[in-house]
Amino acid sequence: MQGRIVVTCFASNIHRVQQVVDAAAAHGRKVALVGRSMRKNTNIGRNLALIDIPEGMVIPLREIEDFPDHKVVVIATGSQGEPLSALRRMAHGEHPNVELREGDTVMFSATPIPGNERAVNEDDRPAVSRSVPT
């Protein structure tokens, strides 16, 4: 994959975050954490030695544009279509640091909670902004 990879999962799923970090490391990609709860839970996991992230692997969100797209993985909140989640704000061009663009690959790594299916599958963006493969 030549573009950025954006993975969305539950911020509390530290094991999944570890899997994404491991895959990113195996492919020479840096990781940016997006969403307050994602950063908070990952930091707690690191402090409790529940997640091992190599030194220098996590980059500040404001620095992702300093790296080629094929060297970046974004791990974000928003797998349930929450209105204020990082992924939804990125998709709608409302996130201050990241906007999804053509060539990005978005992976949902969480099954919708019963009752959230509509929010997860909703696509109320204009057709011209839906060119990002999901």
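A salt bridge is counted here when a side-chain nitrogen of Lys or Arg sits within 4 Å of a carboxyl oxygen of Asp or Glu. With that rule in hand, one feature of this predicted model stands out: Arg4, Glu65, Asp69, Arg101 and Asp104 are linked in a network of salt bridges. The model is predicted, so local features need pLDDT of at least 70 and side-chain atom pairs count only at pLDDT 80 or more, while totals for chains, interfaces and linings use all residues. Residues are numbered from 1 along each chain as its sequence is written, and side-chain values use heavy atoms, with hydrogens and water left out.

First, the overall layout. The protein chain has four helices and four strands, where helices (H or I, at least four residues) and strands (E, at least two) are DSSP runs numbered from the N terminus. Along the sequence, they follow the pattern β-α-β-α-β-α-β-α. Of the 134 residues in the protein chain, 40% are buried; buried stands for under 20% relative accessible area, exposed for over 50%, and partly exposed for anything in between (1.4 Å probe, protein chains only).

As for confidence, pLDDT is the predictor's own score for each residue, from 0 to 100. The protein chain averages 84, and 78% of the residues score at least 70. Residues 125-134 are another story: pLDDT stays under 50 there, and the model has 15 contacts beyond four places in sequence for this stretch. Where pLDDT is low, the predicted coordinates should not be read in detail.

Back to the charges. Side chains of opposite charge can pair when their charged atoms come close. The count comes to four salt bridges. One of them joins Asp104 to Arg4, with the closest N and O atoms 2.5 Å apart. Asp104 lies in the loop between helix H3 (86-91) and strand S4 (105-108), and Arg4 in the segment before strand S1 (5-8), so this pair ties together parts that are 100 residues apart in sequence. Both Asp104 and Arg4 are buried.

Arg101 takes part in two of the pairings. Arg101 counts as partly exposed at 29% relative accessibility, and Asp69 as partly exposed at 26%.

Arg29 goes its own way. It is found in the loop between helix H1 (14-26) and strand S2 (30-34). Arg29 is buried yet has no salt bridge, and the nearest side chain of opposite charge, Asp104, is 8.0 Å away (Lys and Arg count as positive, Asp and Glu as negative, while His and the chain ends are not counted). The Arg29 side chain does reach the backbone oxygen of Asp69, at 3.5 Å. Leaving out residues up to four places away in sequence, Arg29 touches several others, including Met1, Arg4, Met57, Asp69 and Val73.

Next come the nonpolar cores, each a set of buried Ala, Val, Leu, Ile, Met, Phe, Trp, Tyr and Cys residues joined through side-chain atoms within 4.5 Å. The largest has 17 residues, and among those with the most contacts inside it are Val17, Met38, Met57 and Ile75. S1, H1, S2 and S3 each supply at least two residues of this core, and the largest share, five residues, comes from H1. Leaving aside neighbours within four places in sequence, Val17 is in contact with Cys9, Met38, Thr42, Ile51 and Ile75. Apart from this core lies another, of 15 residues, among them Val6, Val72, Met90 and Leu100.

Most residues other than glycine have a negative phi. Ala49, though not a glycine, has a positive phi of about 60°. Ala49 lies in the loop between H2 and S3 and is exposed, with a relative accessible area of 67%.

Key. A polar contact is a pair of N or O atoms within 3.5 Å; within protein, one must be able to donate a hydrogen and the other to accept it, and residues adjacent in sequence count only if both atoms are side-chain atoms. Contact means heavy atoms within 4.5 Å.
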